[in-house]
Amino acid sequence: MLHPPSPVDINYYDYFCVSLVEMLESEEQEIKGLLDKEDTDTERPFGKGTDHSLTKCREYLLLGVLLFSHFVALCTDTFLFPFFPQEAKSKGLSHVEIGTVFSSFEFARFVTAPVLGYLFYWISPRRACLAGTALSAVSCVSFGAATYAPNQMFLPLCITIRVLAGSATASLTVSVMTILLKKHIIPD
């Protein structure tokens with residue numbers, strides 16, 4: 001059973017409630033003062049309200065690495081023009097089939113780039129950049145090893161490898177541009 005509080009208990013409860021309210025008001029004033037206070041922290045290299053995760057040197061290094069990897073990935077499209085037609089003719093391919101192998105790279109880039117741009121909402125551009133670089137390297141080595149394939153498997157294998165290389169280059173292109181625009185490295 002509950003008993004009515006005694007006069008001594010009422011004073012204790014009043015004192016407790018008043019002190020609790022005063023403490024909450026003082027904490028509220030302190031927090032409000034901290035929020036209103038100007039941010040004068042001079043240790044941050046880029047000042048107030050900026051993304052200071054990259055310094056200028058690291059920004060230029062990132063720019064150089066990304067553009068170099070993009071350049072190398074695009075070179076994978078053109079390095080085989082002088083050599084592939086002779087090898088393909090020795091394997092029994094016609095001019096139309098050789099053109100199909102060449103055009104499969106650009107077709108894959110054309111299809112993959114918009115899809116990846118849409119998927120960057122769910123996957124990070126950094127992961128896509130790393131995956132594109134790795135897939136581009138694997139497809140280059142695989143395309144070089146395709147000369148050891150039997151004649152009837154040579155055309156489908158070359159087209160498949162070139163589609164993978166085109167998708168990798170599209171992934172690298174889209175992710176490099178996204179990273180550069182996100183980090184504000186490209187000047188306005």
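Helices (H or I, at least four residues) and strands (E, at least two) are taken as DSSP runs and numbered from the N terminus. The model is predicted, so that local features require pLDDT of at least 70 and side-chain atom pairs count only at pLDDT 80 or more, while totals for chains, interfaces and linings use all residues. Residues are numbered from 1 along each chain as its sequence is written, and side-chain values use heavy atoms, without hydrogens and water.

A pocket is an open set of points on a 1 Å grid over the protein atoms alone, where a 1.4 Å probe fits, with protein on both sides within 12 Å along at least five of seven lines; lining residues have an atom within 4 Å of a point. Helix 2 (56-78) and helix 5 (125-145) each contribute at least two residues to the lining of the largest pocket. Among the lining residues are Leu62, Leu66, Arg126, Cys129, Ile179 and Lys183. The second largest pocket is lined by residues including Phe79, Phe83, Glu87, Cys140 and Thr147. Helix 3 (84-90), helix 5 and helix 6 (151-182) each give two or more residues to this second lining, and helix 5 provides the largest share, three residues.

A nonpolar core is a set of buried (under 20% relative accessible area, 1.4 Å probe, protein chains only) Ala, Val, Leu, Ile, Met, Phe, Trp, Tyr and Cys residues joined through side-chain atoms within 4.5 Å. The largest such core comprises 12 residues, among them Leu80, Phe84, Ile98, Phe143 and Phe154. Helix 3, helix 4 (95-119) and helix 6 each supply at least two residues of this core. A second, separate core of seven residues includes Cys129, Leu172, Ile179 and Leu180.

Note on methods
Buried means under 20% relative accessible area, exposed over 50%, partly exposed in between (1.4 Å probe, protein chains only).
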